[in-house]
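Reader: I am new to this structure and would like to learn how to read it. Please show it to me first.

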Amino acid sequence: MQTNVNYNERELLLLIAGGDEQAFAAVFHHYRNNIYRTAYRLTDSATTAEDVLQEVFLAIWMNRAALPEIGNFPAYLLTIARNQIINSFKKACRQQDAVLALSGMPALNTTDPDQRLQEQEYDKLLQQAVAMLPPRQAEVYRMIKIEGLSRFQAAQQLQVSPETVKTHMELAIKKIRAFCLAHIGLQLLWMVITRLF
């Protein structure tokens, strides 16, 4: 990660710990390209890389009070990024199980009966959420999340721009999250947090 002569990281971290948003923006801009490139290289997904970048810096901001205690901030940042990338891989595996469930096939590696029941309840909730989407958002969601198409492939098939597909996908995810949160029981709360968020 690059260093800048005018970039005083220790001072910026102290300011961030006090809630200084400009200092936070400076640190974000200093590291954003490296975090994004690393996430993109490992996941081969621009959307996932963007999500990882946002989650990393959200974690930094949410835990800003601890920043003065950190001796090696680049290593700390890379640890958070690595954990977020691992989480993205786990999420992809869970989504693959959801795809199998939506297609009527049994999910893989589901040996615990309680977990299997929760998986089935979650999959049913996810299917209901997708069914409530406007037709174009549901179509985009299925193309990307179930059929595995890229944003560009979906855009070509739908004869719209990739940005339009991205907008439909973002709206679909927000509506699915809202639906799940509105209809979820406590027993499914952890699963939604780990699978959808």
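Reader: Which are the buried residues of helix 3?

Author: Buried means under 20% relative accessible area, exposed over 50%, and partly exposed in between, with a 1.4 Å probe and protein chains only. Helices are DSSP runs of H or I with at least four residues, strands are runs of E with at least two, and both are numbered from the N terminus. In helix 3 the buried residues are Ala49, Val52, Leu53, Val56, Phe57, Ala59, Ile60 and Trp61. An α-helix has 3.6 residues a turn, so residues three or four places apart point the same way.

Reader: What should I know about the model and its numbering?

Author: This is a predicted model, in which local features need pLDDT of at least 70 and side-chain atom pairs count only at pLDDT 80 or more, while totals for chains, interfaces and linings use all residues. Residues are numbered from 1 along each chain as its sequence is written, and side-chain values use heavy atoms, with hydrogens and water left out.

Reader: Where is confidence lowest, and where is it highest?

Author: pLDDT is the predictor's confidence in each residue, from 0 to 100. The protein averages 77, and 72% of the residues score at least 70. Confidence is lowest in helix 9 (residues 186-196), with a mean of 43, and highest in helix 1, at 92. Residues 1-5 have a pLDDT below 50, and this stretch has 10 contacts in the model beyond near neighbours in sequence; a contact means heavy atoms within 4.5 Å. Over residues 99-109 pLDDT also stays under 50, and the model has 12 contacts for them beyond four places in sequence.

Reader: How many residues does the largest nonpolar core have?

Author: In soluble globular proteins, nonpolar side chains tend to be buried together. A nonpolar core is a set of buried Ala, Val, Leu, Ile, Met, Phe, Trp, Tyr and Cys residues joined through side-chain atoms within 4.5 Å. Here the largest has 25 residues, and Phe57 and Phe73 have the most contacts inside it. At least two residues of this core come from each of helix 1 (9-17), helix 2 (21-43), helix 3 (46-62) and helix 4 (73-102). Helix 3 gives the most, with eight residues. Apart from this core lies another, of 20 residues, including Ala129, Val130, Leu158 and Val165.

Reader: Which residues does Phe73 touch?

Author: Leaving out residues up to four places away in sequence, Phe73 touches Glu9, Leu13, Val27, Tyr31, Ile60 and Leu67. Phe73 counts as buried because its relative accessibility is 2%.

Reader: How many aromatic pairs are there?

Author: Rings of Phe, Tyr and Trp (its six-membered ring) pair if their centres lie within 6.5 Å; planes under 30 degrees apart count as stacked, over 60 as edge-to-face and the rest as tilted. By this rule there are six aromatic pairs. Phe24 and Trp61 form an edge-to-face pair, 5.1 Å centre to centre with 65 degrees between the planes. This pair links distant parts of the chain, with Phe24 in helix 2 and Trp61 in helix 3, 37 residues apart. Both Phe24 and Trp61 are buried. Tyr31 and Phe73 also form an edge-to-face pair, at 5.7 Å centre to centre and 65 degrees between the planes. Ring pairs link Phe24, Phe28, Phe57 and Trp61 into a cluster.
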